[in-house]
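Work through these exercises with the model open beside you. Try each task before you read its solution.

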Amino acid sequence: MDKSYDFDTLAIRTGQERSQFNEHGEALYLTSSFVFDNAAQAAARFSGAEAGYVYGRFSNPTVTMMQDRLAALEVAEACIATASGMAAIMATTMALLKAGDHIVSSRGIFGATQQLFDNILGRFGVETTYVPTTDIEAYREAIRPNTRLIFAETPSNPLTEVVDIGALAAVARDKGVLLAIDNCFCTPALQRPLVLGADIVIHSATKYLDGQGRVIGGAVCGRKAEMDEVFKFLRTAGPSLSPFNAWVILKGLETLNLRMQAQSAHALELARRLEAHPGVARVFYPGLASHPQHELAMRQQKTGGAIVSFEVKGARTEAWRVIDACRMLSVTANLGDVKTTITHPATTTHGRISAEARAAAGISEGLIRVAVGLESVDDIYSDLVAGLA
Ligand SMILES: *Cc1c(COP(=O)(O)O)cnc(C)c1O
């Protein structure tokens, strides 16, 4: 596929490989293995001397189509699909790090990512230092001779803090370490970390890439050299994406930009209305002028994204009242769906960390996170403010 096509064209057309039947829609190959013409071909396929599909743990045409499409959207040399977003982070770190290595990570990361770094990689001799998400100098100062990776999420969950990817990439280059960005909240429709200088992009395809809350999936994008290592890990360790999930995500990518634009527009409108509501103490949304990194966000992202967090006046009782008064919004942990979801981070996604750590991270008892979907903004707003009165 000609890479000079625009994003919307690439999202719909890239990667498709037609079978002998010349189907118009992408084919779903539900098979665990592939048949060889003879013993010599089997040997050549296994050794890699001959290109071709071998076994579903590490090769499938539907998965390849999804990988090629996402790689084009992220402007990456290669993409490796994984069983989940967490499998993508695990595969990246296990493939590229070894015992004795060190990670510098933004503090505002997904809860399971922190558990992976501390409780799993920690047991294998990889240590992680956390720094304030937006503070570039803090990343630089935390780098040691054995640091191999800087890991950051931007915007962060749930406070939508934004880190300057270009500035962080300059630190990484200067210090000779890799920079990985979890691009879950923005997707390549709004932000392309590799173009801004990052080395690796991580995705939970479960979120906006599928976009309709149907499957669990993930992906890693980057240069061929690093992705070859991730592939070797995946081939051996096996956290690969199922072809069915790859097919769902492949179709999700076709409407990615449309959804991200529309959901962002809804989020901005909702953030503005919430900011004007007397029952709301503070709104966290990068698209609002009141956001501390608003200018950076508008330079780095196409929109403010579709996640809006806000603090009610009061604490847990008042926040739970807002959630419980919702008749339409889904009280669920997922985000990135066309259905709007609402959560109370302090008692759910961030409930396993200590109250002190939560307070230090700025996640108060009055905080609510809304992942804005495609329903009418008027209906979303009415639902949200019912319990704010
Ligand atoms: C959900 C999420 C993940 C993990 O993805 P799964 O598909 O649930 O494994 C990683 N990072 C961020 C920012 C997420 O929101």
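**Exercise 1. The ligand**

Start with a given: in this predicted model, an N or O atom in the side chain of Ser 204 is 2.8 Å from an oxygen atom of the ligand.

*Solution.* 

Step 1. Apply the cut-off for a polar contact, a pair of N or O atoms within 3.5 Å. The Ser 204 pair, at 2.8 Å, passes.

Step 2. Look for further pairs. The side chain of Thr 206 has an N or O atom 2.6 Å from a ligand oxygen. Met 86 uses its backbone: a backbone N or O atom lies 2.9 Å from an oxygen atom of the ligand.

Step 3. Sort the shell by class.

**Exercise 2. Salt bridges**

How many salt bridges does the count give?

*Solution.* 

Step 1. Side chains of opposite charge can pair when their charged atoms come close.

Step 2. Give the count: 18 salt bridges.

Step 3. Take Arg 144 and Glu 127. Their side chains meet at 3.4 Å, N to O. This pair links distant parts of the chain, 17 residues apart. Arg 144 is in the loop between helix 6 (136–142) and strand 4 (147–153). Glu 127 is in strand 3 (residues 127–131).

Step 4. Judge exposure. Partly exposed covers the range between the buried limit, under 20%, and the exposed limit, over 50%. Arg 144 has 32% relative accessibility, so it counts as partly exposed. Glu 127 has 46%, so it is partly exposed too.

Step 5. Take Asp 164 and Arg 299. Their closest N and O atoms are 3.8 Å apart. The two residues are 135 residues apart in the chain. Asp 164 is in the loop between strand 4 and helix 7 (165–175), and Arg 299 is in helix 12 (residues 294–300). Asp 164, at 22%, counts as partly exposed. Arg 299, at 60%, counts as exposed.

Step 6. Take Glu 269 and Arg 273. Their closest N and O atoms are 2.8 Å apart. They sit 4 residues apart in helix 11 (residues 256–275), so about one helical turn separates them. Glu 269 is partly exposed at 29%. Arg 273 is partly exposed at 24%.

Step 7. Look for a network. Salt bridges link Glu 26, Arg 69, Lys 251 and Glu 254.

**Exercise 3. Backbone exceptions**

Which peptide bond is cis, with omega near 0°?

*Solution.* 

Step 1. Start from the rule. Most residues other than glycine have a negative phi, and most peptide bonds are trans.

Step 2. Name the cis bonds. The bond from Asn 157 to Pro 158 is cis, with omega near 0°. Another cis bond joins Thr 154 and Pro 155, with omega about -5°.

Step 3. Pro 155 lies in the loop between strand 4 and helix 7. Pro 158 is in the loop between strand 4 and helix 7 as well.

Step 4. Check phi. Thr 160 has a positive phi of about 55°. Its place is also the loop between strand 4 and helix 7. Val 75 has a phi near 55°. Val 75 lies in the loop between helix 3 (61–74) and strand 1 (78–82).

Step 5. Are these two residues buried or exposed, or in between? Thr 160 has 1% relative accessibility, so it counts as buried. Val 75, at 48%, counts as partly exposed.

Methods:
Residues numbered from 1 in each chain as written. Predicted model: local features only at pLDDT ≥ 70, side-chain atom pairs only at ≥ 80, totals over all residues. Heavy atoms only, no water. Polar contact = N/O pair within 3.5 Å; in protein donor to acceptor, adjacent residues only side chain to side chain. Salt bridge = Lys/Arg side-chain N within 4 Å of Asp/Glu carboxyl O. Buried < 20%, exposed > 50% of the residue type's maximum accessible area, 1.4 Å probe, protein only.
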